[in-house]
Amino acid sequence: MRLVHQNIDNALLLEDEKISVLEIHDHRLFASYVDSLVSGYTNDVSEPGILVDDFEKEKNFKNSVYTISDCSSIDLNDKFISGELLKNILLLVQEDEEKRSLIERLNCDLQDEIGLCGASFCSDTYFSLDWDVVKYCKVMGLVIDTSSDTMLFDKIIHLLDVAVDLFSDRILCFVNLKLFLTEVEYAEFSRKAIFNRIRVLLYETVPASSVEWENKLIIDEDYLESVS
């Protein structure tokens, strides 16, 4: 897969065996590209770009990328992740007939026991909503447990685990991730992402030495491009 920009001559290769980096040194230009990224590269952005798959077909950017524009405030229970969690739980239950039958029986037993509590009422009662796994998970507040994420690096690594579990087909896109990590932490992050075959795209504005596990496209302050 490639990220192709209208105003950049070189395409950036996106693969799961390397970390892809778009390094833009001019801060104003960098801000324009980040704005375009956050908006999902819609038609009216200042720096248009598209995703092209290995068959030269354009991919829907918003449906292909999960963007972290502020690494200091990663939310592992945001709307998107919560939705993917519920979707995956439902899929797993539907695929396991034995588990699905057990959950349905337990739900019937629970409704019967609650119904007995109102047996002495003069009026009859009943459950007005159909039950399903997703509704139960929502009511009971099913979330990703982040209690062990004591440091920002823990949360960033945890995000990779969440991506593996819930949306491994998406590209994880970070803005200025390297500002928040030491060289050792960045190397560990990269190893984990590559090992789990998670495609990662970094938008960086601070010049940094290239490393062997990166596909990097650099636009310097004179707007000259180089690939490493």
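Author: What follows goes through the salt bridges, then a strand, then a pocket.

This is a predicted model, in which local features need pLDDT of at least 70, side-chain atom pairs count only at pLDDT 80 or more, and totals for chains, interfaces and linings use all residues. Residues are numbered from 1 along each chain as its sequence is written, and side-chain values use heavy atoms, with hydrogens and water left out.

Start with the count. The whole structure holds 7 salt bridges. A salt bridge here is a side-chain nitrogen of Lys or Arg within 4 Å of a carboxyl oxygen of Asp or Glu. Side chains of opposite charge can pair when their charged atoms come close.

Take Glu 56 and Arg 2. Their side chains form a salt bridge, at 2.7 Å from N to O. Glu 56 sits in the loop between strand 4 (49–52) and strand 5 (58–59), and Arg 2 sits in strand 1 (residues 2–5), so this pair ties together parts that are 54 residues apart in sequence. Helices (H or I, at least four residues) and strands (E, at least two) are DSSP runs, numbered from the N terminus. Glu 56 is exposed, at 55% relative accessibility. Arg 2 is partly exposed, at 26%. The cut-offs are these: buried is under 20% relative accessible area, exposed is over 50%, and partly exposed is in between (1.4 Å probe, protein chains only).

Next, Asp 161 and Lys 192. They meet in a salt bridge at 3.0 Å, N to O. Asp 161 belongs to helix 6 (residues 152–166) and Lys 192 to helix 7 (residues 183–195), so the pair links distant parts of the chain, 31 residues apart. Asp 161 is partly exposed, with 31% relative accessible area. Lys 192 is partly exposed too, at 24%.

Now the buried case. Lys 216 forms a salt bridge with Glu 214, and the closest N and O atoms are 3.8 Å apart. Lys 216 is buried, at 1% relative accessibility. Glu 214 is buried as well, at 3%. Shared partners join Glu 23, Lys 178, Glu 214 and Lys 216 into one network of salt bridges.

Strand 3 has partners. With strand 8 (residues 200–204), strand 3 pairs in the parallel sense over 5 bridges. With strand 9 (residues 214–219), strand 3 also pairs in the parallel sense, over 6 bridges. Two strands pair if DSSP finds at least two bridges between them. Follow Leu 22: its bridge partner in strand 8 is Tyr 203, and in strand 9 Leu 217.

Last, the largest pocket. About 290 Å³ of space lies in it. A pocket is an open set of points, on a 1 Å grid over the protein atoms alone, where a 1.4 Å probe fits, with protein on both sides within 12 Å along at least five of seven lines; lining residues have an atom within 4 Å of a point. Helix 4 gives the most to the lining of the largest pocket, with 4 residues. Trp 131 and Asp 130 are among the lining residues.

Note on methods: Points joined across faces, edges and corners; volume = space filled by probe spheres on them.
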